[in-house]
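Have the sequence and the 3D view open as you read.

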Amino acid sequence: VQLVESGGGLVQAGGSLRLSCAASGSNFRLITMAWYRQAPGKQRELVASITGGGIAVYVDTVKGRFTISRDNAKNSMYLQMNSLKPEDTAVYYCNTRGMSWKWGQGTQVTVSS
């Protein structure tokens with residue numbers, strides 16, 4: 001399975017970005033997917049997850065600001081990020097909730113103050 005993330009960029013604090021994740025392979029609709037991020041000098045952390053049926057879970061730091069979604073017909077997942085903060089700066093990755101697929105290259109999100 002190949003994962004390709006896109007949509008990152010440089011944005012001012014308070015701005016928005018929408019990340020996309022494209023996955024190859026079959027059975028995507030059955031798999032709980034997730035977004036992760038890794039800031040410089042820090043460990044990779046879970047941001048949000050979504051079941052095949054669309055049930056979403058968020059970490060407290062992004063609740064109310066980020067929205068995870070998916071389109072099973074397109075083998076794709078998305079992360080709408082609003083009210084961005086400098087502390088959201090990181091490389092964002094998608095993977096299964098169990099991190100069982102090979103990591104993609106990620107997409108850089110940089111939020112300036």
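## The disulfide and its surroundings

C21 counts as buried, at 2% relative accessibility; buried here means under 20% relative accessible area, exposed means over 50%, and partly exposed is in between (1.4 Å probe, protein chains only). Before going further, note that this is a predicted model, in which local features need pLDDT of at least 70, side-chain atom pairs count only at pLDDT 80 or more, and totals for chains, interfaces and linings use all residues. Residues are numbered from 1 along each chain as its sequence is written, and side-chain values use heavy atoms, with hydrogens and water left out.

What does C21 bond to? Its disulfide partner is C94, with 2.1 Å from S to S; the cut-off for calling a disulfide is a pair of cysteine sulfur atoms within 2.5 Å. A search of the whole structure turns up 1 disulfide. C21 sits in strand 3 (residues 17–23) and C94 in strand 9 (residues 90–96), so the pair ties together parts that are 73 residues apart in sequence. Strands are DSSP runs (E, at least two residues), numbered from the N terminus. The torsion about the S-S bond of C21 and C94 is about 70°, so this disulfide is right-handed. C94 is buried too, with a relative accessible area of 0%.

Strand 9 also holds T96, which is buried at a relative accessible area of 4%. Not counting residues up to four places away in sequence, T96 touches I31, T32, M33, A34, Y36 and W101, where contact means heavy atoms within 4.5 Å.

Two strands count as paired if DSSP finds at least two bridges between them.

Strand 5 and strand 6 run antiparallel and are joined by 3 bridges, with A48 having Y58 in strand 6 as its bridge partner.

S112 belongs to strand 10 (residues 107–112) and is partly exposed at 27% relative accessible area. Leaving aside neighbours within four places in sequence, S112 is in contact with L10, V11, Q12 and A13.

## The nonpolar core

How many residues does the largest nonpolar core have? There are 26, and those with the most contacts inside it are W35, V47, F66, M77, L79, M81 and Y92. Such a core is a set of buried Ala, Val, Leu, Ile, Met, Phe, Trp, Tyr and Cys residues joined through side-chain atoms within 4.5 Å. Strand 3 gives the largest share, 4 residues. Take L79 as a place to look: apart from neighbours within four places in sequence, its contacts include L17, L19, W35, V47, F66, I68 and Y92.

## Salt bridges

The structure holds 4 salt bridges, each a side-chain nitrogen of Lys or Arg within 4 Å of a carboxyl oxygen of Asp or Glu. Among them are these:

| Pair | N to O distance |
|---|---|
| E45 and R37 | 2.7 Å |
| D88 and R37 | 3.0 Å |
| K63 and D60 | 3.1 Å |

D88 lies in the loop between strand 8 and strand 9 and R37 in strand 4, so the pair ties together parts that are 51 residues apart in sequence. Buried or exposed, what are D88 and R37? Both are buried, with R37 at 6% relative accessibility. E45, by contrast, is partly exposed at 37%, and D60 counts as exposed at 63%. R37, E45, R65 and D88 are linked in a network of salt bridges.
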